[in-house]
Amino acid sequence: MDRAGTLPDRCITCNAPAQGNRLRRKLYCSPAAWKIGASLAPFAALAAGVYLDVSLLAYSFWPLVVILIVANMVVRKSLKLEVGICPRHRDVRFTLIALSWTCIVGVFAGIFTLSGGATGAIILLGSLLALVVLVVVQSFVGAQAVSLKDVSPDYAWLAGTGEAFRSALPELN
Ligand SMILES: [Zn+2]
């Protein structure tokens, strides 16, 4: 899409009329090579530290993670975007977010009741598992799945938009 352009007033997932429902999203992207390198570097340092018996390298794991997270904020490119969303998918989004928060509360409840025996552990594991499932689901469906593939000074490339929405865009036909 044109970077300065706006998306049509249609649901980004199913292309139904969005009826003016807009969702403000800030999307980020960083180069693929950087993403892979940055996520492997701390583990490489940890492995090298253990292998070479250099404890300084092994202890650098967490500081390195923090440095890379900060560096990522500098490296990544961002785009502010308003996407249309239909009432149905807005409800789906709210439900998924509400469920995620319920799971997070469940995780903490599990941690606090952990000393109480098996029940705490079951609550903790169940909530964690449900949370992971919800995060995966959200990265594939709905407005949460929209991501930024690349940005140039003039254009932006989006990924994760719905099939119906994509095929109705004039610039792709
Ligand atoms: Zn929709």
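A charge is taken to sit over a ring if NZ of Lys or CZ of Arg is within 6 Å of the ring centre and within 35 degrees of the ring normal. In this predicted model, the charged end of Arg76 sits over the ring of Tyr28, 3.6 Å from its centre. The points below turn to the zinc site and then to the aromatic pairs.

**Zinc site**

- The zinc ion is held by the SG atoms of Cys11, Cys14 and Cys86 together with ND1 of His89, at 1.9 to 2.3 Å, and along the sequence these donor residues follow the spacing C-x2-C-x71-C-x2-H.
- The arrangement is tetrahedral because the four donor atoms subtend angles of 103 to 114 degrees around the zinc ion.
- Cys11 counts as buried at 0% relative accessibility, whereas Cys14 is partly exposed, with a relative accessible area of 26%.
- His89 belongs to helix α4 (residues 87-112) and is buried, with a relative accessible area of 12%; leaving aside residues up to four places away in sequence, His89 touches Cys11, Thr13 and Cys14.

**Aromatic pairs**

- Three aromatic pairs are found in a search of the whole structure; one of them joins Phe43 and Phe61, whose ring centres are 5.2 Å apart with planes at 70 degrees, so the pair is edge-to-face.
- That pair links distant parts of the chain, with Phe43 in helix α1 (residues 32-52) and Phe61 in helix α3 (residues 61-75), 18 residues apart.
- Phe43 is partly exposed, at a relative accessible area of 49%, while Phe61 counts as buried at 12% relative accessibility.
- The rings of Tyr155 and Trp157 have centres 6.4 Å apart and planes at 50 degrees, so this pair is tilted.
- Phe43, Phe61 and Trp62 form one aromatic cluster.

Terms used
Residues numbered from 1 in each chain as written. Predicted model: local features only at pLDDT ≥ 70, side-chain atom pairs only at ≥ 80, totals over all residues. Heavy atoms only, no water. Donors = N, O, S within 2.8 Å, 3.2 Å for Na, K, Ca; no water. Tetrahedral: all angles 85-135°; square planar, octahedral: opposite > 155°, others 65-115°. Buried < 20%, exposed > 50% of the residue type's maximum accessible area, 1.4 Å probe, protein only. Helix = DSSP H or I, 4+ residues; strand = E, 2+ residues; numbered from the N terminus. Contact = heavy atoms within 4.5 Å. Phe/Tyr/Trp six-rings, centres within 6.5 Å; stacked < 30°, edge-to-face > 60°.
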